[in-house]
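Trainee: I would like to go through the terms used for this structure and ask what stands behind each one.
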Amino acid sequence: MLRTKFTGVSLAALVALAGPAFGQEYSQAPDLQAAVDAGSLPPVVERLPENPMVVTPIESVGSYGGTWRSALKGTYDTGWIRRTVGYQPLVAYDYEWTEVVPNVAERFEVNDEATEFTFYLREGHKWSDGEPFTAEDLLFALNVMKSPAYAGRKPAFEWDKMTGEVIDPLTFKVTLSDPNGLFLERLASVEGQFIVNAAKHYCGKYFPDVDPAATDNAKAEGFDSWTQAMEQSCFFNFVDEDRPLLFAWRQTTPYDGLNQLIEFERNPYFFKVDTEGQQLPYIDKVQMVQTENVEDIVLKVVNGEIDFSNRHFATVTNKPVIYDGQESGGYTLKATTDARMNHAIFQLNLTHDDPEKRKLYNEKDFRKALSLAMDREEIIDVVFAGQGEPYQAAPRPSSQFYDETLAKQFTEYDPDTANELLDGLGLTERNSDGIRLGYDGEPIRIQLFSPSDQTEFNDIAQLVVEHWKEIGIDLDARNAERSLVYERVQNNTHDMHVWWGDGGMNDAILDPRFYFPFNLESAFAEKWSQYFLNTGSTLAEAPPEEVQKQMDLYIDLIASPDKEEQKEIFGEILDIAAEQFYVIGTVLPADGYVVANEKLGNVPEGQVYTWVYPQPGPMETSQLYYKK
């Protein structure tokens, strides 16, 4: 049962406070009260569920009013929307990230085998347009994702193993053909929200199983197909401002690349209240301005135009100017606990199509040499102002999965040993520039394209260029648009890829992309990942024995409903990762920060920051308010 960090009150007790137990009537924001008085909106008691969810504030009960301002970068920064306005999943992570708790679902049950998951909804829960939210909406969303004809984006669920059943309007059961001890965790993650994002009464017009005219309906609204309409209007994108939502704020401006200001207003049917019976959210509106680069966002921060955010700009490099601007900008910095385990993971392509490169990259001593030749202390001093410590791709020291060998092996700066390892591989010949010759007699040149929107990657890479030059390896590091970078990775045409080290805390077991070829972000072995995912791609290739063992172990892990057994199995996976040493890490991130308007109340201190646990969503952003 949920234990909140701030009150120690169980979720069951909080929910029990709803309704008559308050001994008072529900209240609402002044603008909604005015609409009720004018007869254009039903009374608050008719808009709330019979048993609304009660949010115990972090600091204090708030007051209504104000606008929350933040920024989006480019035309597809939907991750920030989904983590702030949009984190209202069926089941959610608790604040401390220790367990999964009810959210949109009032309660849930799981059988002992972890094959049946039953969700009980709230009587009277409504979409933002006032229409009833029922189990039919959950079945609809699941059926779209399961449909072989749906070619849009899908979260990483095994759809062919899932069956949905409407028991009654308020009861929905998911049955899995195989046990899945991580199913609830995936539903609570940022990707699991699909199931509560598509209102059947609105989105059904885009699904042929509901409306035979789905294709015509989609094209009439400017989409190429019903699949595109469903994906962009009903699931992951925010191009349709008319879509009914369950969020605290409903969208009023489409995020379509044309509008610079994306706006949201209070949802009059939001299903949560505070401990005094006030319907949430406290804040009237949310505004997200679309910018073109991080520098623009930093300028807005120091000018006091960002009320609560750490999206894109909260780096070590930007911290001095942001810190100095607090007084004039009217904001403060709050700490975040970084769950990522690395600032940059360098991934050689072990499934390279070039046989000579594949042979070289698959030599463990070659990867060891590159790691030993990396001066991580210089990286820490130059790029991160002395913050952090040398670290490989491994769970953080605070994680239950911490493995010291995996974390610290080959992190010392030892170019002499690196040269000995390379000589031992027979790579003794060099050209006139001092670059070693590979097995094919050609200079060893590794091409690295890093995403241009991640400036720290390039800063690190340029230092590594010089480090590896000292041992006779030519790293050709360049910036490129993220779309180009990922096109090369997905087509397996890259030599090396670099990305953040996700999977450092509790998310390690959910996102082990750097510990074995787990998903398409495992750029060190794209072909083996395709095999594991059973994508049917022509790229798919059966992996070596040790990799196959990790894959088999992870399948066993998923099948276990026992958390201790899961931990034991994951330890075996990490042991193999330590022995194989697939990828090269750089620096363990220090704690981060979030910028908050100095008048903003209920701002958390030390909240975990990572993608799977979608900070700030689990703190319940509807409780943010402006102090009078």
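Predicted model: local features only at pLDDT ≥ 70, side-chain atom pairs only at ≥ 80, totals over all residues.

Trainee: What makes the radius of gyration of the chain agree with a compact globule?

Mentor: The rule is 2.2 Å times the number of residues to the power 0.38. With 628 residues it gives a value near 25 Å, and the chain has 25 Å, so the two agree. The C-alpha trace spans about 85 × 60 × 50 Å along its principal axes.

Trainee: How many of the 628 residues count as buried, as a percentage?

Mentor: Buried requires under 20% relative accessible area, and 60% of the residues in the chain count as such. The accessible surface comes to about 23900 Å², with 46% of that belonging to carbon and sulfur atoms.

Trainee: Which helices cross at roughly 145°?

Mentor: Helix α15 (residues 376-383) and helix α18 (residues 455-469) do, and their axes come within 10 Å. The chain has 22 helices in total, along with 24 strands.

Trainee: How do you know that α15 and α18 meet, and through which residues?

Mentor: Contact means heavy atoms within 4.5 Å. On the α15 side Glu378, Ile379, Val382 and Val383 take part; on the α18 side, Asp459, Ile460, Leu463, Val464 and His467.

Trainee: What kinds of residue make up the contact of α15 with α18?

Mentor: Six are nonpolar, one is polar and two are charged. Val, Leu and Ile count as nonpolar, and Asp and Glu as charged.

Trainee: Is the crossing of α15 and α18 left-handed or right-handed?

Mentor: The crossing is right-handed.

Definitions and conventions: Residues numbered from 1 in each chain as written. Heavy atoms only, no water. Axes fitted to C-alpha atoms, helices over the stretch in contact; angles between N-to-C directions. Helix = DSSP H or I, 4+ residues; strand = E, 2+ residues; numbered from the N terminus. Left-handed = near helix turned anticlockwise from the far one by under 90°. Buried < 20%, exposed > 50% of the residue type's maximum accessible area, 1.4 Å probe, protein only. Areas by Shrake-Rupley, 256 points an atom, 1.4 Å probe, with all protein chains shown as cover.
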